[in-house]
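Here are my notes for you, as numbered points. Have the model open while you read, and stop at each point to find the residues yourself.

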Amino acid sequence: MHIDLLRGTEVSLPQQISGTLAQRITSGLLSPGTRLPSVRTLAASLAVSQMTVSKAYAELEKRGHIVCSQGKGCFVAEEVKQPAEGMASWQDGYDDYLPRAQLWRNFDSLKVQYPFHLASIHHELLPLADIGRIMAKLVTEHPELMGTYGNFQGDLELREVMRAHLLDRGIPLHSSELMITSGTQQGIDLVARTFVGPGDTVYMESPSYTGAIDVFAGRGAEIIAVPTDSEGMRVDVLTRMCDRRKPKLIYTLPTFQNPSGVTLSMARRQRLLELARSYRCLIVEDDPFSDLYFRQAPPLPIKALDREGHVVYMKSFSKVIAPGCRIACVAASGDILSRLIAAKSASDLGSPLLTQRAVLPFIARRYDAYAAKLRISLRERMEKAAQLLKQYAPPGVEWAPPEGGLNLWLKLPAAINIRELHGLAEREGVSFLPGEVCQAGDQASPYIRLCYSQMPEAEMVQGLTQFLQLLARQLGSSNRTNDSAS
Ligand SMILES: Cc1ncc(COP(=O)(O)O)c(C=O)c1O
């Protein structure tokens, strides 16, 4: 089967393949019941990786165009959902500039009973009642907060609270050097829209946060993955890479990295900043987890070392207090900050004043005591999950207990087909994040991410035990298949 592929465009190869096949199916060129070439055959004939074709087939299956079954292959579905009359004709060919974000896929399975794929804290552990009370009071006593646009840069009182909060964490700034955004996701998007364009080089850890990969890829940037080890990003390797391709921006999660959980050592933080100075580029330091340490506070943020405005620091309050309030703080300086504020105003004219004021008293007065308790609860949760892993994880599964954050990062034996495992687990009501979505590019990954804090403890125990037993069964059956084949 031939498909024309264009390399080096914003449309990824899996999208091009799935888009072409979808058109052939909906137009009737490929009739219901037609068997598609195997992943291996199509990958060989198009000179792409098998992962690329697997992704395209997964997309087609999700859209109901094809049906795949283990061992039999993929077939054009008997009943292909036809778009409404008159719509297919023009919408199909209408150009867009969005990447086919991996992120939305992760949220597609919200209905599962055990959502280990979501990196967040269960609402039982969050201070929602406190924030709710403040919000209710604000709504009745200050309804005018809903009747006005706030400051684009963020409410001045909240910025003052954030200033004190960051100072306690080693970052001395003026409140004029802070901006409030609707979550860090918006902060990343604003940086990307403002400073990254087609052909720019963005370096980031491999693996990294899916949502950031999508945003930078969507700008047409060349994303280069930097290897990591137990001390975080290999800054020595990055230095050599920068010799070949000058960085426009380095995106990093130095503390309890998402997904791997590793923390960048102080020595490497310093070297990374040196590198940014020598290349006159930006570092985006994304820091949602630094308050969630189990034993020892992590090293100072890179922003604490920055005297020349190279670091755009982002601290989310979603993970720790209330994802629904969509509050994050972005610290930057000089013209870089001015340009980000302009982008923020063009994007949404400022974050909602009501939620900014609702989190303000909590962050100002109760946050530190609350975070101390939260750390204890999370550590207990993590230790419980670690105990289950020791008890039920089949041989060959590798992982290290994290020192903070919300995730476990498991390396599975090569015999496990992670896509298949994902499907089987979802049928049992369990979801996890496949490591491949944390890679820029189409590389396969033997890793998966499980978040241990998303459910009440009893459910976490039940779901994780069930998942580990499924994993053991899968491993047993793939080992038996391999034995009989050899
Ligand atoms: C590393 C990282 N950065 C940013 C975000 C976005 O968070 P928010 O927009 O809720 O602040 C997330 C959410 O999962 C994340 O894990």
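1. Strand β11 covers residues 311-316, and six of its six residues are buried. "Buried" means that 20 or more other C-beta atoms lie within 10 Å of the residue's own; "exposed" means 12 or fewer, "partly exposed" is in between, and the C-beta atoms are placed from the backbone. Helices (H or I, at least four residues) and strands (E, at least two) are DSSP runs, numbered from the N terminus.

2. A word on what you are looking at. This is a predicted model, where local features need pLDDT of at least 70 and side-chain atom pairs count only at pLDDT 80 or more, while totals for chains, interfaces and linings use all residues. Residues are numbered from 1 along each chain as its sequence is written.

3. Y313 is a handy landmark: E285 is its bridge partner, and A331 in β12 stands opposite Y313.

4. Next, look at another sheet. β13, β16 and β15 form an open sheet in the order β13-β16-β15, with antiparallel pairing. Its edge strands are β13 (407-411) and β15 (433-434), each pairing on one side only. Two bridges join β15 to β16 (residues 447-451), and P434 has I448 in β16 as its bridge partner.

5. Now the ligand. Of the 14 residues around it, G183, T184, Q185, S316 and S318 come nearest; a residue is near a molecule if its C-beta atom, placed from the backbone, lies within 6 Å of it. Helix α8 (residues 183-195) gives the largest share of this shell, three residues.

6. Where do the nonpolar residues gather? The largest nonpolar core has 106 residues, and F216, V330 and V359 touch the most other members. Such a core is a set of buried Ala, Val, Leu, Ile, Met, Phe, Trp, Tyr and Cys residues joined through C-beta atoms within 7 Å. Helix α13 (residues 353-392) gives the largest share, 10 residues. Domain 2 and domain 3 both give residues to this core, so it lies between them. A second, separate core of 17 residues includes I17, V53, A56 and I66.

7. The assignment gives domain 1 (13-96), domain 2 (106-124 + 373-485) and domain 3 (125-367); the bounds come from an automatic or database domain assignment. The centres of domain 2 and domain 3, taken over C-alpha atoms, are 27 Å apart. Their contact takes 29 residues from domain 2 and 26 residues from domain 3, where contact means C-beta atoms, placed from the backbone, within 7 Å. On the domain 2 side, α13 gives the most, with six residues.

Methods. Pairing = 2+ DSSP bridges. Contact = placed C-beta atoms within 7 Å.
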